[in-house]
Each structure stands twice: as C-alpha cells, then as structure tokens.
Amino acid sequence: MVDKKKIIESIRLFLEGIGDDPNREGLVETPERVADMCEEIFAGIGQDSHKEIKVLKSEKYDEIVLLKDIPFYSICEHHLLPFSGVAHVAYIPQGNRVTGISKLARVVEIEAKRLQVQERLTTDIAESIMKALRPKGVLAIIEAEHLCMTMRGIKKPGTRVKTSVVRGIFRDNPATRAEALALIKGY
C-alpha cells in the first residue's frame with residue numbers, strides 16, 4: 001500500500017527541486033494527483049501474481065493456449081519513466097490443468113504494476129504461470145517502447161524492445177516453439 005502523505009511531500013519537494021512553484025495555480029493539486037496515480041499504477045507491489053491463477057480441471061487438452069497482444073503499461077525502475085507495449089503468453093497444459101484466459105492477462109497486469117525492467121517482467125510472467133499451472137511449457141514475449149529512450153538519452157521514438165522467456169517444451173522442442181511463434185505472428 002502506498003504512503004500518500006510521503007508521496008505528496010516528495011512531489012512538492014520535486015517540484016521545488018526542478019525550479020517550479022508547487023503553490024502556483026496549475027500545480028496546487030498535482031502532489032495529490034500523483035499520489036492517487038501511484039496507488040493505481042503500482043498496485044502490483046506486494047501481490048503474488050501466481051495466486052491469481054485458478055487451476056481448472058479440463059477435458060484432456062494438451063495443445064497450445066495463447067493469449068496475444070495483451071496491452072500493458074509499466075514504470076522503468078531506472079528512470080521512473082513509463083514503458084508500454086504488448087505481451088504474448090502461451091502455455092501447454094499438463095495433467096488437465098488449465099486456467100481462465102483472463103487470468104493470464106491478470107498476471108501480466110500485476111507484474112507490470114510495479115517498478116520493473118522489461119527483462120524481469122518477461123521472466124516474472126513466465127515463472128508465475130509455471131508455478132501456478134505446472135504446464136508442459138510456457139512462452140512469454142514482450143514488445144515495448146520505453147520513454148527513457150524516446151524522450152531522453154538517445155531519443156529514438158518508435159524503437160521497440162523485444163524480450164522472450166521460454167520454459168519447458170517450448171525450449172526443448174523447436175517445432176513447438178515455432179508453432180507458438182507462428183500463432184503470435186498470425187500465420
């Protein structure tokens with residue numbers, strides 16, 4: 001849970017630190033707005049995303065389950081700037097253990113709603129699904145644009161970073177991995 005009082009105090013100091021007046025008309029309510037925003041965008045801190053996955057018993061199904069183009073927004077822990085994009089998550093059930101597809105999107109959302117780096121975000125999503133479902137394999141791919149590369153530093157808008165994590169059969173079987181990648185690409 002965020003400490004709104006500390007956030008409000010720190011945003012007032014931040015505004016003074018950059019040379020602006022936290023008491024000017026446009027900024028008077030900004031510290032409170034930022035505190036409210038922090039409560040929302042950092043809601044994943046302290047949550048265990050794997051606990052969101054409810055294991056359901058299904059008829060025998062042991063083929064790829066893929067949820068693609070899951071939009072997400074996160075905050076880079078290096079510059080406190082947003083990065084956003086889409087996640088693609090696939091798994092192959094084992095032992096008739098499946099979950100509702102919305103739970104996969106929920107895992108992405110929880111993991112993204114904390115200070116992150118894209119590489120860890122991708123790994124955390126895959127590991128959460130592996131832990132909860134114990135599937136034959138998991139594939140997680142993230143494509144994102146980072147504002148720290150767009151509005152500062154190298155200033156290259158439109159540049160997208162892609163990361164992937166493969167576990168189980170997706171790592172061990174090139175044909176299975178290729179099938180999942182073709183599904184993601186829309187072939």
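**Salt bridge, helix pair and binding site**

Biologist: At what N to O distance do the side chains of Lys 4 and Asp 36 meet in a salt bridge?

Modeller: The model is predicted, so local features need pLDDT of at least 70 and side-chain atom pairs count only at pLDDT 80 or more, whereas totals for chains, interfaces and linings use all residues. Residues are numbered from 1 along each chain as its sequence is written, and side-chain values use heavy atoms, without hydrogens and water. A salt bridge requires a side-chain nitrogen of Lys or Arg within 4 Å of a carboxyl oxygen of Asp or Glu. Lys 4 and Asp 36 form such a bridge, with an N to O distance of 2.7 Å.

Biologist: How many residues apart are Lys 4 and Asp 36?

Modeller: Lys 4 belongs to helix α1 (residues 4–17) and Asp 36 to helix α2 (residues 30–41). Helices (H or I, at least four residues) and strands (E, at least two) are DSSP runs numbered from the N terminus. The pair links distant parts of the chain, with a separation of 32 residues.

Biologist: How many salt bridges are there by this rule?

Modeller: The pair of Lys 4 and Asp 36 is a salt bridge. By this rule the count is 14.

Biologist: In what order do the elements run from the N terminus on?

Modeller: The protein contains 7 helices and 7 strands. Read from the N terminus, their order is α-α-β-β-β-β-α-β-α-β-α-β-α-α.

Biologist: Are α3 and α4 oblique or parallel to each other?

Modeller: The axes of α3 (residues 101–112) and α4 (residues 118–133) come within 10 Å and cross at roughly 140 degrees. Axes are lines fitted to C-alpha atoms, for helices over the stretch in contact, with angles from 0 to 180 degrees between N-to-C directions. Angles under 35 degrees count as roughly parallel, over 145 as roughly antiparallel, 65 to 115 as roughly perpendicular and the rest as oblique. The relation of α3 to α4 is therefore oblique.

Biologist: Which residues of α4 make the contact with α3?

Modeller: On the α3 side, the contact (heavy atoms within 4.5 Å) is made by Leu 104, Val 107, Val 108, Glu 111 and Ala 112. From α4 come Leu 121, Asp 124, Ile 125, Ser 128 and Ile 129.

Biologist: Where is the place of His 79, listed by UniProt under "binding site"?

Modeller: The unreviewed UniProt entry lists Cys 76, His 79 and Cys 148. These residues gather at one spot, because no two of their C-alpha atoms are more than 8.1 Å apart although they span 73 residues in sequence. His 79 lies in the loop between β2 (65–76) and β3 (82–92).

Terms used
UniProt positions renumbered as here; feature names shortened; annotations may be inferred.
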